Amino acid sequence: MHDQAQAVVVGSGICGSSIAYHLSKLGWRDVVMVEQGDLISGTTSHAPGLIGQLRSNVSLVRLLEDSVRLYSSLTVAGEPGFFQVGSLRVASSPPRMEEIRRQHSFATRIGLKTELVTAVEAQRLFPIMDTHGVEGALFVPTDGSARAPILAEAMRLAAEANGVSVFPHTRITGIEVKNRRVQSVSTTSGAIKTDVVIVATGIWSPRIGRMAGVSIPLLPMQHQVIWTDPWPELSVDCPMANMRDPDHLVYFRQDGQSLVMGGYELDPRQFSGDAIPASDNPTQLEFDDDHFTSLMEGACTRVPRLRGARLARRLNGLESFTPDGEFILGEAPEVGGFWTACGFCAHGVSGSGGVGKALAEWIVTGKPSLDLSAMDIRRFGGAPMSQGELVQRTRGIYHDYYSRVTT
């Protein structure tokens, strides 16, 4: 273990690996990345893998575009981690159709290519869908699917080639702060003198923040996903586009010959960050069939083939959500040198490539190339949020994630 470093990145998932990679590209080679367990564990290991770029915030769209550009270039032993299959956002109601028309206009204004398509055209891109009730859809041809562990490994390997040192099974035990600035990080393998620590630890981020007296208002939310057994009608050589049907609260993507389905139920379930279990994969909980019933009904409406289908895998994973639905990035107002990259609200894979680039620029040059004010941790003012307010607001964000029609 090094006894000093320019920066210590905590977390080896896709975001931490991206930050380490981009710091090394900007010339910071004396960087240490630590991971409490196996490399690329946690949420990255089980992310559903839908990559979408269309959001209502221009800077966030640019971050996501940066991710796609980067991911398109990454492989490990010749195996790609990103597949540009495109994505559909289906309107199953007139209000949703009006929403996607507005989204198409916004995307056109900012230069993101999108296409309004009919139900029949959408079915050509996602052949197993039932088009009953579909008003139309928005197609984003440059969206795609990701295998997050491959992307994370590719960036970690590139960072190591540039001089970054990586230490798995190394837990953070404390952060020394003096005169409101980071001085060092204590780990189970020794102390590291540094004046920059970057927390990219997902659901554990509030715990790490408390070590330095920093409040990070995010809440782990349970998010359930299923994978079917292989379906012979799904072609590996010509995969379907991803599809989101927010009126039915669900999303779909093809993974090999399996269909992946998840969604955002109206009765979300949070999880206490202090109750994260001590296990080999603590970001996964027991699957709750009863809680998944409403999503399965919505999914079967759009994809009847799912009804009664055999499942290869079921997942109840913990995802970080924030009280305003925005990422938590930047240097904490309470402690200089304490940087955050967390609270991705189920967009950790989509956002991490661009976040790593923007945060590295911010750390090295003092200013990001994009306006990240909506995602800046300083928007919370450094004052701890009450648990009651955090739960209420964050549950509302999850509840509205698909159900709310923006105007």
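Q: To start with a loop, where in this predicted model is A77 found?
A: A77 is found in the loop between β4 (75–76) and β5 (79–80).

Q: Why is A77 called exposed?
A: Its relative accessibility is 86%, and exposed means over 50%. A77 therefore counts as exposed.

Q: What makes the phi of A77 worth a look?
A: Most residues other than glycine have a negative phi. A77 is not a glycine, yet its phi is positive, at about 55°.

Q: Where is R180, and what is its phi?
A: R180 sits in the loop between β12 (172–178) and β13 (181–187). Its phi is positive too, about 65°, although R180 is not a glycine.

Q: How do you know whether R180 is buried or exposed?
A: Its relative accessible area is 56%, which has to be set against the cut-off of over 50% for exposed. R180 is therefore exposed.

Q: Why is D376 called buried?
A: Buried means under 20% relative accessible area, and D376 comes to 6%. D376 therefore counts as buried, and its place is in the loop between α8 and α9.

Q: What does D376 touch beyond its neighbours within four places in sequence?
A: D376 is in contact with L329 and W362. The C-alpha atoms of D376 and A332 are separated by 8.8 Å, although these two residues are 44 apart along the chain.

Q: What makes L329 stand out in the largest nonpolar core?
A: This core has 50 residues, and L329 belongs to the group that touches the most other members, together with I19, L23, Y71, I198 and L359. Among the elements that give two or more residues to the core are α1 (14–25), α2 (58–71) and α8 (348–365). Neighbours within four places aside, the contacts of L329 include L359, W362, L372, M375 and D376.

Q: Which residues does the second, separate core include?
A: That core holds 46 residues, among them W227, M243, F252 and Y398.

Q: How do you know that β17 and β18 count as paired?
A: Two strands pair if there are at least two bridges between them. Strands β17 (residues 242–245) and β18 have 3 bridges, in the antiparallel sense, so they meet that cut-off.

Q: What lies between β17 and β18?
A: The two strands form a hairpin with 4 residues between them, and L249 in the turn has a positive phi of about 70°.

Q: How many bridges join β18 to β19?
A: There are 6 bridges between β18 and β19 (residues 258–263), again antiparallel, and the pairing therefore meets the cut-off of at least two. The bridge partner of V250 is G263 in β19. This hairpin has 2 residues between its strands, and G256 in the turn has a positive phi of about 65°.

Q: What makes β18 a mostly covered strand?
A: Of the 6 residues in β18 (residues 250–255), 5 are buried, where buried means under 20% relative accessible area.

Q: Why are β3 and β6 called edge strands?
A: They belong to an open sheet of 3 strands in the order β3-β10-β6, with antiparallel pairing. Each of β3 (50–51) and β6 (82–83) pairs on one side only. β6 is joined to β10 (residues 144–146) by 2 bridges, which is enough because at least two are needed. In this pairing F83 stands opposite S145.

Q: Why does Q222 count as buried?
A: Its relative accessibility is 15%, and under 20% means buried, so Q222 falls on the buried side. Q222 lies in strand β16 (residues 219–228). Not counting residues up to four places away, it touches E265, R269, N316 and Y398, among others.

Q: What makes up the lining of the second largest pocket?
A: The lining divides into 12 nonpolar, 4 polar and 3 charged residues. About 300 Å³ of space lies in this pocket. Of the 19 lining residues, the closest to the centre are P206, R210, L218, Q387 and L390. The elements giving two or more residues are α6 (205–211), β16 and α9 (387–403), and α6 gives the most, with 3.

Conventions
Residues numbered from 1 in each chain as written. Predicted model: local features only at pLDDT ≥ 70, side-chain atom pairs only at ≥ 80, totals over all residues. Heavy atoms only, no water. Buried < 20%, exposed > 50% of the residue type's maximum accessible area, 1.4 Å probe, protein only. Contact = heavy atoms within 4.5 Å. Core = buried A, V, L, I, M, F, W, Y, C linked by side-chain atoms within 4.5 Å. 1 Å grid on protein atoms, 1.4 Å probe; cavity = no way out; pocket = protein on both sides within 12 Å on 5 of 7 lines; lining within 4 Å. Points joined across faces, edges and corners; volume = space filled by probe spheres on them. Nonpolar A, V, L, I, M, F, W, Y, C, P; charged D, E, K, R; others polar.
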